[in-house]
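Subject: Handing over the structure, with notes on what was found

Dear colleague,

Please find the structure below, followed by my notes, which are meant for someone opening it for the first time.

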Amino acid sequence: MSSFALSEIIAHADRRVLAAVVTHLSGDARAVPDLRDRSQIEAKAAEVLPPYLDGSAMPVPPDDEVLQAAMNHAVGAEVPPEYRQMAREQAGIGPIQPLAPLQAPDGFHVLIIGSGVTGVLAARTLHQLGMTNFTIVDRNPEPGGTWYVNRYPGCRVDTPSMLYSYSFDQDPDWPEHFSRQPELLRYVKAVADRSGLGERLRNGTEVTAMTWDEEAACWQVDLRRVADGSTDRVAANAVIAAMGILRVPKYPDLPGRERFAGPALHTAEWDPSVSLEGKRVAVVGTGASANQVVPAVAPIAEKLVVFQRSAHWMMSHPKYGKQLQGIEKALFQVPTYREWHRFSEGWKFGDGVTPLVQVDPDWPHLERSVNEASDRFRASLTEYLESQVGDRPDLMEKCLPNFPPYGKRLIVDNGWYQALRRDNVRLETSPIVEVTGTGITTRAGHDDFDVLVFATGFQADKVLWPIQVTGRGGVDVTARMEENPEAYLGLAAADAPNLFITPGPNGTLGHGGNGILSAECHVRYIVESLRLLFERGARSMVVTDEALAAYNDDLLARLPNFVQSLTTFDNWYRGDRDRVIAIAPKSLLEFWNDTRQPDPSAYSFA
Ligand code: NAP
């Protein structure tokens, strides 16, 4: 199986994951009586693993009792039993009930907009369920979505790759624990290739407008070829708008921005022909994108000034930036190790952190944390910050955030603090007054630059924009969405029959780092909605006003309980709005449960 001896493999295994593996493979819920006893776990592994490693035994899905014990071991805590089915399906522990084939009526055409992680998933799923009549369009010349678009130096994922991958395609040859952009692009393209999309995938084609045709019960969709501007109109009975929420770059509203004479690049609109080698570079912004671009640029720039409006919380991860090779790679070939590792990481990056985001209404220190656990977490993050810049009181003061952890997205440190310590790097906290032809002026002074980098994020509230969507009764759905972004289950908008926006407003999760999981939830729901439509012999379905209103009332009642809703700081979940519009105030489990099956009473069918 690998060139490593069993004893070496066992010695390098994660104790908790190994405990879950031996519990699963032995079929004995009591195989590991004490999770702290590594030597007992190793001895049990030495006894249980050999037939699975030489191929004479094959793992079988565990019964509920064994599954529960293994789940608890994998995360070192009691996992509520409600998580069992999600673990079986999402971690790949099985059994997995495959979705039944879809029997679409003759001529029923589905259009998917976007060939990123979600669009490719939707296309693959339809194809696999036997639907042939669909088209997937994307303005970019190849699939990949965000991983095609974001090409700034240092770009990578900050969720472990073994987790940030489709549940049905978990075994890519990731060279690092947290993959870089080229690897992620390769992965999404490979899944698209394996999905047999053929001619149905039309890259270099954008949707400019779509209008609901009541009589024909379909969307008349206007397409435009990016290369030559030629246009076309197609009819689509259903549309899956899988364009993503971190799509429309947000440029900072700084006086004089257009006056700068040199290159001024947004991280999401990178121009690789602009070299930063030996240049005087400004980076505006200190979020997740800046955290990746700054450490990549600092060693090559002559001078780098980072303009900070707010410090962000950063955690460290022992595997971030590390190769995935040798014995670590061999571990993932141990039957069920990869699955239990995925479950364990899924918990740490998902609902394991739910207690940290929920506001305790009686908590007296909302300016720094939202409950006792959040306060302890803040202390551990502060300790990490001290370990990085504790000997630099200037940086310590500037880098200590003044809001509770998870209020803005928590960042995995990519060498941010070490980059700020460099002699050629300065962290500037004086507010920017203006951009001039040669540089940036703050209240404290002026710097000249050769290149400006705007790591200033995205307008997450641009849900359907710039597509002009005209729905039932001539309703301007795009304008309404601009005015009041709301959608049932974060996906179905009023007066927009057979349109599924994924993710739409409040259609993804803030604490769960794995966007692929929420995409899988939404795509399952869409498929089940189409099935419902077909089984009823209906041509269209649209969310009822009552269902949408009830859903929104519940959403608005829940939102204040989440740290992201506090208004003492900004975040992209809220943007310029008066409430969070980007993420759902739910646990991952709730999101997963809510999207298993559509509730027919929430829709009117015609
Ligand atoms: P972001 O988190 O919204 O950060 C934007 C930064 O720009 C903030 O520091 C913001 O300051 C600053 N800013 C905005 N306007 C400004 C202005 N006028 N003057 C000065 N500063 C200004 O955007 P992002 O870093 O692109 O990340 C967005 C999301 O994309 C992330 O949260 C994450 O979900 C995703 N992402 C993921 C990865 C990954 O590793 N997987 C990498 C990049 C992005 P304030 O904080 O004061 O508002």
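Which residues line the second largest cavity? Before the answer, please keep in mind that this is a predicted model. The second largest cavity is lined by A492, A493, A496, N498, L499, F500, M541, V542, V543 and Y603, and its volume is about 40 Å³. Two strands, β19 (499–501) and β21 (541–543), each supply at least two residues of this lining, and β21 gives the most, with three residues. Sorted by class, the lining of the second largest cavity has nine nonpolar residues and one polar residue, with no charged residues.

N498, which is among the residues that line the second largest cavity, is placed in the loop between α17 (477–483) and β19. The phi of N498 is near 55 degrees, which is a positive value in a residue other than glycine. Most residues other than glycine have a negative phi, and most peptide bonds are trans. N498 counts as buried because its relative accessibility is 2%, and the cut-off for that word is under 20%.

Rolling a probe the size of a water molecule over the atoms shows where empty space is left. A search of the whole structure finds five cavities of 30 Å³ or more, and the largest cavity holds about 250 Å³ of space. The lining of the largest cavity is made by 20 residues, and those that lie nearest its centre are M86, G346, W347, L517 and L588. Three helices, α6 (84–90), α12 (337–348) and α18 (515–535), each supply at least two residues of the lining of the largest cavity, while α12 gives the most, with four residues. By class, this lining of the largest cavity is made up of eleven nonpolar, seven polar and two charged residues.

There is also an open space to describe. The second largest pocket has a volume of about 550 Å³. It is lined by 20 residues, of which I96, L99, S167, F168 and E520 are the closest to its centre. The elements that give two or more residues to the lining of the second largest pocket are α6, α7 (117–128) and α18. In that lining of the second largest pocket, nine residues are nonpolar, six are polar and five are charged.

Turning to the ligand, which residues are the closest to it? The ligand is surrounded by 23 residues, and the closest are S289, Q292, S310, K408 and W572. For S310, a polar side-chain atom lies 2.3 Å from an oxygen atom of the ligand. For K408, a polar side-chain atom lies 2.7 Å from an oxygen atom of the ligand, and for R409 the corresponding distance from a polar side-chain atom to an oxygen atom of the ligand is 3.1 Å.

The peptide bond from G94 to P95 is cis, with omega near -5 degrees, and P95 lies in the loop between α6 and β1 (110–113). The peptide bond from T502 to P503 is also cis, with omega near -10 degrees, and P503 has its place in the loop between β19 and β20 (508–509). T336, although it is not a glycine, has a positive phi of about 75 degrees, and T336 lies in the loop between α11 (326–331) and α12. Is T336 buried or exposed? T336 is buried, because its relative accessible area is 7%.

T441 lies in strand β15 (residues 439–442) and counts as buried, because its relative accessibility is 18% and the cut-off is under 20%. The side chain of T441 makes a polar contact with the side chain of H446, at 2.7 Å. If residues up to four places away in sequence are not counted, T441 touches I432, V433, E434, T436 and H446.

With best wishes

Notes: Residues are numbered from 1 along each chain as its sequence is written. This is a predicted model: local features need pLDDT of at least 70, side-chain atom pairs count only at pLDDT 80 or more; totals for chains, interfaces and linings use all residues. Side-chain values use heavy atoms; hydrogens and water are left out. Buried means under 20% relative accessible area, exposed over 50%, partly exposed in between (1.4 Å probe, protein chains only). A polar contact is a pair of N or O atoms within 3.5 Å; within protein, one must be able to donate a hydrogen and the other to accept it, and residues adjacent in sequence count only if both atoms are side-chain atoms. Contact means heavy atoms within 4.5 Å. On a 1 Å grid over the protein atoms alone, a cavity is a set of points where a 1.4 Å probe fits but cannot get out, and a pocket is an open set with protein on both sides within 12 Å along at least five of seven lines; lining residues have an atom within 4 Å of a point. Grid points are joined across faces, edges and corners, and a volume is the space filled by probe spheres set on the points. Ala, Val, Leu, Ile, Met, Phe, Trp, Tyr, Cys and Pro count as nonpolar, Asp, Glu, Lys and Arg as charged, and the others, Gly among them, as polar. A residue is near a molecule or strand if one of its heavy atoms lies within 4 Å of it.
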